[in-house]
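Take a look at it first, then read on.

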Amino acid sequence: MALKSSEKTDVNTYRLTVTVDSETFTEACKKAYFKEKKNIQLPGFRKGKAPMGMIEKMYGEQTFYEGALDEVYPDAVSAAFEEAGLNVVDTSDVDVPVMSKAQGVEITMTVTTYPEVKLGEYKGLKTEKISVEATDEDVENELLSMQKRNSRLIDVADRAAETGDTVTIDFEGFVDGAAFDGGKGENYSLELGSGSFIPGFEDQVVGHNIDDEFDVNVTFPQEYTPELAGKDAVFKCKLHEIKKNELPELDDEFAKDVSEFDTLDELKADLKKKIEERKTENAKTETENKLLDKVVENMEAVIPECMIEKRTDEMLNEYTYRLKNSGLDLDTYLRYMGQDKDTFRATLKESAEKQVKLSVALTAIIKAENIEANEEEINEEAAKLGENYGMDAEQVKKAVPASQLAEDVARNKAVDLIVSSAVIE
């Protein structure tokens, strides 16, 4: 097995010719015979007992070529990549123009290699400090959220519906005078202003009184389900009930009811502390992301499209798996969201490209800085993953290859290097 030729045809692209000698291929044919003979029956022989020569005589010498190629292909290609000094991320246009016991095998293929990277600045990067102060407005907004969570709905009979009210309505939708599937509801509870209905629907309920019957005219968004996208519709509605949220008073009694504190001032002080802790954590993440974005911007590299496509597929599979755990399938979810699979995949691709570029940059920094993970750090990473997934460190080590744990540690150390050397202005 040998590399016959290697020709660079484009950025990150090579055309290789790989050979397997006749002796190796002939031996591979024998291995293929022993694997397949149990399923072969010839006249005069019990099933699985026919000699290799007899089978080849009846069906042709090439009978076991395909199985033999499967035997030699992985080692031949792997050896060729190593001999050519290529870090291959994808193969395409594979052809086998020569394959026989007499001549051996010749394989031609196009390979895409891991990109060459020229790092720009990644240490001493400048970024602005993000404020983590909890303002009075932040505290008031948090208190308002607590009031809303502890509010109660009370009936309203002396006025028309307003934004913020919760109404009970009947409705039926028509397009071109015909009712459509899924367009009808009875005694439906709707919070006006929530944006949970088609744009423009809730606004047209505002101003109506109990027992009013009225039409709501809307246009379905272009990204809605194909059979309704962009079409005008009329919903015939009847309003049965109006309720409004009554918020509890902000006083010491409220503080006692919703927290472990006796006074409103104590509750406010605690909220301020927690908001600042949350802002501090968010600022850390935001600062890190800004610095990593700069590292990627400063890097020079041509990223192969196949790496982005692969990561996009992985993200799509991960999303599908999470939906499945929630009792949903992707097609049902996309119909509910008014999207098709291609559109959804396109939204994932942008994020996938960003992730791939960052991964390439961090890998280059790891190499440039000779960053390695020691055994203690790998054990700590396993323990941390175990906490997240309810497993002990040893279980994690059995489930996740040590090389992957070491790679994760090295990436984290590279990120720490970027952040710790940054100048926060």
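## Before we start

This is a predicted model, so a few ground rules apply: local features need pLDDT of at least 70, side-chain atom pairs count only at pLDDT 80 or more, and totals for chains, interfaces and linings use all residues. Residues are numbered from 1 along each chain as its sequence is written, and side-chain values use heavy atoms, with hydrogens and water left out.

## The overall build

The protein has 13 helices and 11 strands. Along its principal axes, the C-alpha trace spans about 95 × 65 × 45 Å. The radius of gyration is 33 Å, while a compact globule of 425 residues would come out near 22 Å. That radius is taken over C-alpha atoms, and the globule rule is 2.2 Å times the number of residues to the power 0.38.

How much of the protein is buried? Of the 425 residues, 34% count that way. Buried here means under 20% relative accessible area, exposed means over 50%, and partly exposed is in between, using a 1.4 Å probe and protein chains only. Take the contacts in the protein with a separation of 6 or more: 67% of them come from residues 24 or more positions apart. A contact means heavy atoms within 4.5 Å.

## Surface and charge

The protein exposes about 26100 Å², and carbon and sulfur atoms supply 46% of that area. Such areas come from the Shrake-Rupley method with a 1.4 Å probe; for residues, only the protein chains shown count as cover.

Now for the charges: there are 53 positive and 91 negative ones, and their mean positions are 7 Å apart. Lys and Arg count as positive, Asp and Glu as negative, while His and the chain ends are not counted. Each charge is placed at NZ of Lys, CZ of Arg, CG of Asp or CD of Glu.

## Rings that meet

The structure holds 17 aromatic pairs. Rings of Phe, Tyr and Trp (its six-membered ring) pair if their centres lie within 6.5 Å; planes under 30 degrees apart count as stacked, over 60 as edge-to-face and the rest as tilted. One of the pairs is Phe171 with Tyr188, edge-to-face, at 5.6 Å centre to centre with 80° between the planes. This pair links distant parts of the chain, with Phe171 in strand β7 (residues 166-175) and Tyr188 in strand β8 (residues 178-191), 17 residues apart. Phe171 counts as buried because its relative accessibility is 8%, and Tyr188 is partly exposed at 35%.

Phe171 also pairs edge-to-face with Phe201, at 6.3 Å centre to centre and 75° between the planes. Here too distant parts of the chain are linked: Phe201 sits in helix α5 (residues 201-205), 30 residues from Phe171. Phe201 has 0% relative accessibility, so it counts as buried. These rings belong to one aromatic cluster, made up of Phe171, Phe180, Tyr188, Phe197, Phe201, Phe220, Tyr224 and Phe235.

## Two positive phi angles

Asn12 is not a glycine, yet it has a positive phi of about 65°. You'll find Asn12 in the loop between β1 (2-10) and β2 (13-20), and it is buried, with a relative accessible area of 8%.

Asp93, also not a glycine, has a positive phi of about 50°. Asp93 lies in strand β3 (residues 88-100) and counts as exposed, at 56% relative accessibility.

## Far in sequence, and in space?

Thr127 is buried, at 7% relative accessible area.

Ile378 belongs to helix α11 and counts as buried, at 16%. Ile378 and Ala406 are 28 residues apart in sequence and 5.9 Å apart in space, C-alpha to C-alpha. Beyond four places in sequence, Ile378 touches Ala373, Leu405, Ala406 and Val409. Asn370 is in the loop between α10 (341-368) and α11 (375-389), and it counts as exposed, at 63%. From Asn370 to Glu407 there are 37 residues in sequence and 13 Å in space, C-alpha to C-alpha.

How values were computed:
Helix = DSSP H or I, 4+ residues; strand = E, 2+ residues; numbered from the N terminus.
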